[in-house]
Each structure stands twice: as C-alpha cells, then as structure tokens.
Amino acid sequence: MKFGVLQFPGSCDEVDALQAARHVGDAELIWHAERDLRGADAIVVPGGFSYGDYLRAGAIARFSPAMESVIAFARDGGLVLGICNGFQVLCEAHLLPGALLPNANLRFTFRQVDLDVVQTDTPFTRALNGLARLSIPAKHSWGRYYADAPTLDELERRGQVVLRYASGHNFNGSLHDIAGVSNESGNVFGLMPHPEHAVDALTGDGSTDGLTIFQSMRLAVEEGARV
Amino acid sequence: MSDGASTLPTVQDALALGLTRAEYELVCEHQSGPPNQVELAMYSLLWSEHCAYKHSKRLLRTLPTEGPHVVMGPGENAGAVDVGDGLVCAFKVESHNHPSAVEPFQGAATGVGGILRDIFAIGARPIAVLDSLRFGEVGGDRDQRSRYLLDGAVSGIAHYGNSIGVPTVGGEVYFEAPYEQNCLINAMALGLAPRERLVRSAAAGPGNVVILFGASTGRDGIGGASVLASAELGDDDGQMRPTVQVGDPFEESKLLECSLELLDRGLLVSLQDLGAAGLTSSASEMASAGGVGIDIDVSLVPLREADMEPFEIMVSESQERMLCVVEPARVADVLALCERWEIHGTAIGAVTETGRMRVFDGSELVGDMPVSALVDDCPLYDLSPVRPTTPVYASPTATFEPDGVSPRDCLLALLSCPNIASRRPLFEHYDAIVQSRTVRRPEQADAAVLALPAGGALAVSIDCNGRRVAADPYRGTIEAVLECASNLACVGAEPLGTTNNLNFGNPEKPHVAWQLTESVRGLGDACRALDAPIVGGNVSLYNETSSGPIYPTPVIGMVGRLPDARCAGRLGFARAGDTVALVGPFTPSLDASELSKLRGQALPDELPDIDIAAVRSAQFAVRGAMRIGGLSSAHDIAEGGLAIALAECCLAGGLGAEVRLDAVAHADADPLQTLFGECPGGFLVSGIATGVRALGRRTRVRVIGTVSTDALSIQLGDVSLSATLTELTEVHGALAELFPC
C-alpha cells in the first residue's frame, strides 16, 4: 500500500501527511510539476498555502500538472484525501461539491475540535471500530463549508456528509456543521481539520484519532474497494 | 571615479541620513574626499545604530558567549548550540519595533520573515517561532491605538508564520502605558540542522561569483535601518510608512527550500540573508568576514521598477532575498535550482582581492569604499550613564481600589487583567503544530517543547517583565533570565544557550544609558551563574517618543534540552488528590507587582536582593524530578504571585485545589503580600506525596494542600477565599473582547 502526497510550492503540512501515511504504509511526495503519480494506491492533497493562495485558496493548485493526474485518478475510482488546503483544492477542481469560505470570525483559528462521525462505511472511516467522535486539530482562515440549499439536501440524502463538528466546535460557521464531505461515489473525501496532526499521542495532544482515517484508506485499498 | 557633472551630496545630506557631522568628516577621510550619493547612502546605513551597534558594542563585549554547548556564537546570522545526535539548534531573537509602530501588520510580518531568514542563512531549517510583544494599556478609553497595534501585529505574525509553515509555539505579551506610542514586536526563531550543514557568511575565494536570489528588488524599505530604526519616533511617522517593507511568505517559503537544498547539495561557499540595509550590509559583511573585496553590478539586479537609482538598489530592504558566494563551476547548478523553485537567481558580482566594496552600474564605477571602513571603522561611543534621581516613569493609572475589597476580589481582578488573563485569544491565531514536533502547546506548560528525532526534546521560553526592569534594571534583568530558566525547569529542561533583544530608549540620554548598562551587567551575571551563555542577539535603541522612553525591556530567549520528550512537564494540575507544594525560595513582595500596578502605585527605586544560587538549586530539583516522572505538574510563580499561580494550575488542568498558606506566610505579613507578592525562584508543583517530598533533598519544599475537583479554596490565617473553576475561567478569558469578529 503506497500513499502519494502532493507537494506544491507553499504546501506546509505535506511532510506531516507523509509521516502520518507512513504509520500505515509506504508514502512518497509527488512534486506539483510532475504528472506521474508513481504508482500510488491513494493520494493525499495536503494542507498549506499552495502557490501562496493569494488568488483564492486552492484556485491555482487545481491547474497544476500533478492535479490533472489526480483528477483522472479520482475519476477512475482512486482514493483521494484532501486535508484543509487540499480540501479547498478538491472543491476548486470540482472533485468535491461546495466551497470553503472565510471563517465566520474572519480570522485564522487554531483549535482542537471534536468531530462526530456521520458515516462509518466509507473508505475513509471504515477502520474507526465504533469510534463515534474524533479529536483532531483544525487550523485555517478559509474553512466555512458552503453549498447551496439543493446541494446540501442532496449531500445529506446521499450520505456524503462524513464528519460534522460536534456541538460547540463549529468555530468557522460551516453550514450543517459540515467538517468533511465525500463525492457521490465515495472515493474522494475532503475535510478541514488535520488528521495527520493526530497520529501520535506525543505530538497529537494525546489523540491518535486521525490515524484511523489513514488506516481506513489502507483497509479500503487492500480490500480492492473501488466504490 | 566618474561622478561626472553630478553634484556631490553635502554635509546637510549626511545629517539628514542620520550621520553626525564628525562621522561625515570621518567618512570624507576614509574616502579621501566627499563621498558620492551611493557611498554616502551606504555609509549612513552601515554606520547607523541598527547596523553598527555603536552605542552598545562595548557593553555587549562583557557578556559571556562561550560554553560547552555553543557551536556558533555572536557575529553570525544566528547563534547555535549542540543538541546531541549530530544536530544543532540555531536561534535568535530580533525586533521590528519601529516598523510595527508605523504599520503593525507588515511590520510584524516582515519581522518574522527576517528572523526566519537569519535561521536558514546558517543552514538550519526553521522549526519554531515565538513572539514577545508590548503595547500600551488596553481596556481604558484611550486604548484605540493599542488595540489597533495589537490586532495588526498578531495578524501579521500569524499571516507570515502560518503561511510559511513554521509553528508559532509560544510567546508573551504585556500591556503598559510606556509602550503606547512605541510598541515592541520581537520575534524569536529556532532552527534545526545537521552539524555539518551549518554555513558561515564569510565570503572567500577571489574569482568566486556573488549570486543574488529570491525576490526582485523594489523601492520598499529604503532607509529603514537608519532613518526609521535608529531614531526616536516622532508624531508624523505616518509619512514613514513607505520605509516599511512588505512581506511575501510564499516567496520566502520557496527561498527557504531553495537555500536548504543548495546547502544540502554543497553548492555554496557562503550564504547571507538580506535584512536591514539590504545589499549594502549583506555584501559588505560577507566581504569583511572573509577579509576580501566584492564588486557588484547593480545593472544586473532584477528590479520591480525599471528606473531605480544605483543607491536605491544598494539600500533597498525588499524582503525575501539572499546573497551567496559560489565557485564559478557551480554557478549553472545554482541558477538551475533557483529556476526549479521559481525564484530569481542572478550573478551580480564577484569576490575580489581588493579589500574594497565596489559598485558598478554596467561599466561605470559608481561607488568605491574600503570594506574595513564601512564595516569596522564606525566610531563606537561610550555611554554616559547616570542613575536618575527622579522617577523616569509616571505611576500607572489605578484601575482597582483594594480598600474594602476582599482577597477574592483581588484574585479575580488580577486574573482578568491584561497582563495575566489567558493568551488563548492571541495564540489561536497561530498554527502551533505544523511540522509535527510540538509536544506542549501554548498554555499547556511554562515552556514550549519540541520533539527531537532521537526521542529527546528542545524546550524554549521567552520572557521579560519590563516594569520590574524599570524598577531595577540590574535585578529586573536577572529575574528575566531566571524566569526563562525556571520555565525550562518546569518541563524538565536544562539551559543550553541564551539570546536577547535589548529594547531601550535613547542611549544618548544618561538615565537610559544607566538602564542599559545595569541591565547588561545583570544579563551577564545571570547567564554566567546559570551556565547559559549568550549565543546571539539584537539591540533596539531609541524606543522613545516625546512622552518618554519605553520601560527598559531586555527580552530573553532561552533554549534547553530534555532527554525524554515523553516526560515533558505540564503546568496544569493532573489528578484530584495529588499533593500541592511550594518549592524553592519564596520571599514575596508587592513592590513592582501586578497588584501594585492595578492600585496605581509608583515603581520602587529597587527590587529586593536575589539569591541566585538558591533559585538555581530549586530549578535543579524541579528539573530532575520532572525528568524521572516524579511530578504531575510544575509552574513557576510569577506575575500575580502564589494565588495567581494556583489559579493558573487549576485552569490549565481543569481541576481545583484546597490549600492552606499559614506555613509559608511570614509572621505579621500582610495577607495580600503572601497571596499576590512576587519574587523569583518559587515553583508550584503537584504529584504523589513521595515524589513531591523527594524534592526536599535539594531545595525547600512546603506542602500546602491537595488537588481537588471544581474550585480553588485558599486559607491563610483568618482569610479564606474560594472561587469555582467556572468563575475563574470566565474572568481569565477577558482578552477575548480584544479580538472581535
């Protein structure tokens, strides 16, 4: 099982994601200018400020050569996880529905948040083993999940809302308390909080809940799950 | 020299650039005649206080700079200490006070950018930022300026640090009236490097090529070091805004990766960042350190504006640029790597044997100066310190009248005052965890803790209580150093080295000269006593306005190491039923305390004597106990005294405590003095009884109570006070209103 972690100029959490992925399998970085995904079984689009994010978060990264390959990979059913800026990139690339707007408080905010697990049968949550709530840090300025009302209804109806901020933890003002959504076929998943920063109790403030997301991806790949 | 028909600048021009008449005459002597515009611009910057340390260099030479862990001392871009396993930690603190007072967002942002470049200029990857901030009072009716500066500075630090992927892991902030017009923005950065990757800045090898890489050069920041940083702030400094640089963390992130890759591949002879005074100081300092000359052709420098004059190119403080020296055979590789990272890389000059700094504009020689004159021959000035006989600072405005109020009211008032209230509303602006090294996040422990690859950890603390330094520059500075070491002890770390940023007023005034002299004496004595040598630092003078100087503020940053990251201490109580004890010397006094400030009391003439050896023993004991897992928590007793320390341990742990203080109170002492008096060296610890009592072998231990569940209750003679966790939490959150949506 091999993870490919994209690296854009301005990525910040790509090494963190790489280390997290290595807790459960092989992993290597994929430079933004490369089209070759190096035989990765799953892709992580990491957090940070790709290309400086001066235009709009994720707006430029979606056009990178590596992302072109990731879009094709996703269309082919490959597993793609977008974290924070990666989530924004996946929305910009229309691999995920909706958009991320500036936080309701209009400030960058770093906070450990609790997430309620809504869907346990996805390739990104199937290793949770009954864990109903995850403690994972969030840190961003543009994390307010938005989609129009019909889209939100569709998301809810199809079970694409995978994670919600627990009561009192939705600091960014996301609609429907949405912290993480998947695409319709379930192989692409994005979330604003950072599971790669909750994989080791020492640096995760005691939480390893984020590791379950990487473990789920491994499980899904090993089961050959092309949802 | 082809000045042609152009008119040479006059002595008046030199004065306008900040040189004195005598200094101008000295420049003429070195140049065998009046300097031209390029030369005068370069001399005026390199001979500014900011670059030449002309009022502080002689004092700084008295500081201890050597020790077993020191790998790189003062004089390089940053200092470095050995942290074991083949790794070194580079660190330094720097100020960006005046730019931030003029434009807080960019001033603070570029302050972070500048200190990060200092770290990777010596080959270390930046792993953490801390900040030390000072503003005027907030919460009164005149606080609009302070709130504006606070919001701008915090947003600027967050913008730069978050975007570049370096965690901001700690810091401190104080609000005091003397900083109202002249805020302080100090940023400290730490970096990690394999020992063999460290690089120095000395240019070497005549014939080698000088390459400028990073951002293009514009008109921003012209004269920043001389006009803005080396003079008092005036009332019309809004006009100074163009001298403040604008930061681009994305550009710096590429510059950082490119620089480290250049070093990893062994392509560089030497490396230097461009900071204050831009190309002028970088090139001259590289040449001076290597005992060589450098020729630069300004017509080759990539510009943002086509019509820039040669002197503007030489002194521009455009951000995100580096200068390196490269052997001719490796130039192509270096430029190719710059291209991969999508930054400019341009050969702009060469190392020479001339010992001269020569500036060309194409084929025309437009400036020619001896390197030694530029860098080494700036006159140094002795200070004329005189201890002031009248108070330098007005008494603080009283905000709290203790007559007729209970000790409980004092506790709640202190816990909500801006200098003590929770810093969470500030640090939530910062990414504290990127890079996955952060073992203790802000407000979890007295020092930030960063994991090292082999299982150990670094600990770092930054501190200075300017009000106490104002009361007694010598002892106040010792206290700041001791406080840093105490913070390290609380997580189980021992000091390896120290950095400092001396923020003072105008050193040409005798009372400021006295503050500076006494403070540096205290700094040296304390660092010697703790074996925590100074490996680098910065001096920021002229922090004063027509309303007077700032409180003298020698900000201390200290880096330490602990053997096992898993044993890093916490400040919060951890288990109901644990024994709570007061450890170390405890001689509280209300002089210059936070409570005295709330009452509007004048500063005393001096602080009580300090028994440094006793403080060091207490630190040794706490550190040792923490390392073997003998304690559940440790917190040093600082602003607000013992009662506030108790409340902080309760809040951080989400638990209560029941304590009785009769045994620690001096006979017939005012209960407020025992509860809220301040002094260095005391710790509040908790743990199982045997672990706590074991500290008594090395220092004084007084058991005062036990950890409980949901309230803090304190008994002292017939005084009794109690507050629930909910009440404590509410008042402690007072700063949230400073950051509205």
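Q: Two strands pair if DSSP finds at least two bridges between them. With that in hand, which residue of β16(B) stands opposite A448(B)?
A: V460(B) does. Keep in mind that this is a predicted model.

Q: How do β15(B) and β16(B) pair, parallel or antiparallel?
A: Antiparallel, over 4 bridges. β15 of chain B covers residues 448–451.

Q: What sits between those two strands?
A: The two strands form a hairpin with 5 residues between them. In this hairpin, G455(B) takes a positive phi near 110 degrees.

Q: And β16(B) itself, is that strand largely enclosed or open?
A: Largely enclosed by the rest of the structure, because 7 of its 7 residues, 457–463, are buried. Buried here takes 20 or more other C-beta atoms within 10 Å.

Q: Which way do the residues of β16(B) point?
A: A457(B), A459(B), S461(B) and D463(B) point one way. L458(B), V460(B) and I462(B) point the other way.

Q: What about β21(B), how many bridges tie that strand to β16(B)?
A: 7 bridges, and the pairing is antiparallel. One pair there joins A457(B) and L562(B).

Q: Zoom out. What sheet is this?
A: An open sheet of 6 strands in chain B, in the order β14-β15-β16-β21-β17-β18. The pairing is mixed.

Q: Which strands stand at the edges?
A: β14 (438–440) and β18 (534–540) of chain B. Each has a single partner strand, so one side of each is left without a neighbour in the sheet.

Q: How are neighbouring strands turned against each other?
A: By 20 degrees on average, direction ignored.

Q: How does β17(B) run with β18(B), parallel or antiparallel?
A: Parallel, with 6 bridges joining the two strands. β17 of chain B spans residues 494–503. Its T499(B) has G536(B) of β18(B) as bridge partner.

Q: Which helix packs on the sheet?
A: Helix α19 of chain B, residues 510–530. This helix touches β17, β18 and β21 of chain B. Its direction makes about 175 degrees with that of β17(B).

Q: New topic. Which residues touch the most other members of the largest nonpolar core?
A: V622(B) and L646(B), in a core of 248 residues. Helix α18 of chain B, residues 473–491, gives the largest share, 11 residues.

Q: What does V622(B) touch?
A: Leaving out residues up to four places away in sequence, its contacts include A489(B), C490(B), F683(B) and L695(B).

Q: Now the two chains. How many residues are in contact?
A: 24 residues of chain A with 26 of chain B. On the chain A side, α1 (14–22), β6 and β7 each supply at least two residues. β6(A) gives the most, with 3.

Q: What is that side of chain A by class?
A: 10 nonpolar, 8 polar and 6 charged residues.

Q: Last one. Where is N129(A)?
A: In the loop between β6 (109–117) and β7 (133–140) of chain A. Its phi is positive, about 50 degrees, although N129(A) is not a glycine.

Q: Is N129(A) buried or exposed?
A: Exposed, because N129(A) has 9 C-beta neighbours inside 10 Å, and exposed means 12 or fewer. S32(B) also counts as exposed, with 6 such neighbours. S32(B) lies in the loop between α2 (21–31) and α3 (37–46) of chain B. Its phi is positive too, near 50 degrees.

Conventions: Residues are numbered from 1 along each chain as its sequence is written. Chains are lettered from A and ligands numbered from 1 in the order in which they are written. This is a predicted model: local features need pLDDT of at least 70, side-chain atom pairs count only at pLDDT 80 or more; totals for chains, interfaces and linings use all residues. Axes are lines fitted to C-alpha atoms, for helices over the stretch in contact, and angles run from 0 to 180 degrees between N-to-C directions. Two residues are in contact if their C-beta atoms, placed from the backbone, lie within 7 Å. Ala, Val, Leu, Ile, Met, Phe, Trp, Tyr, Cys and Pro count as nonpolar, Asp, Glu, Lys and Arg as charged, and the others, Gly among them, as polar. A nonpolar core is a set of buried Ala, Val, Leu, Ile, Met, Phe, Trp, Tyr and Cys residues joined through C-beta atoms within 7 Å.
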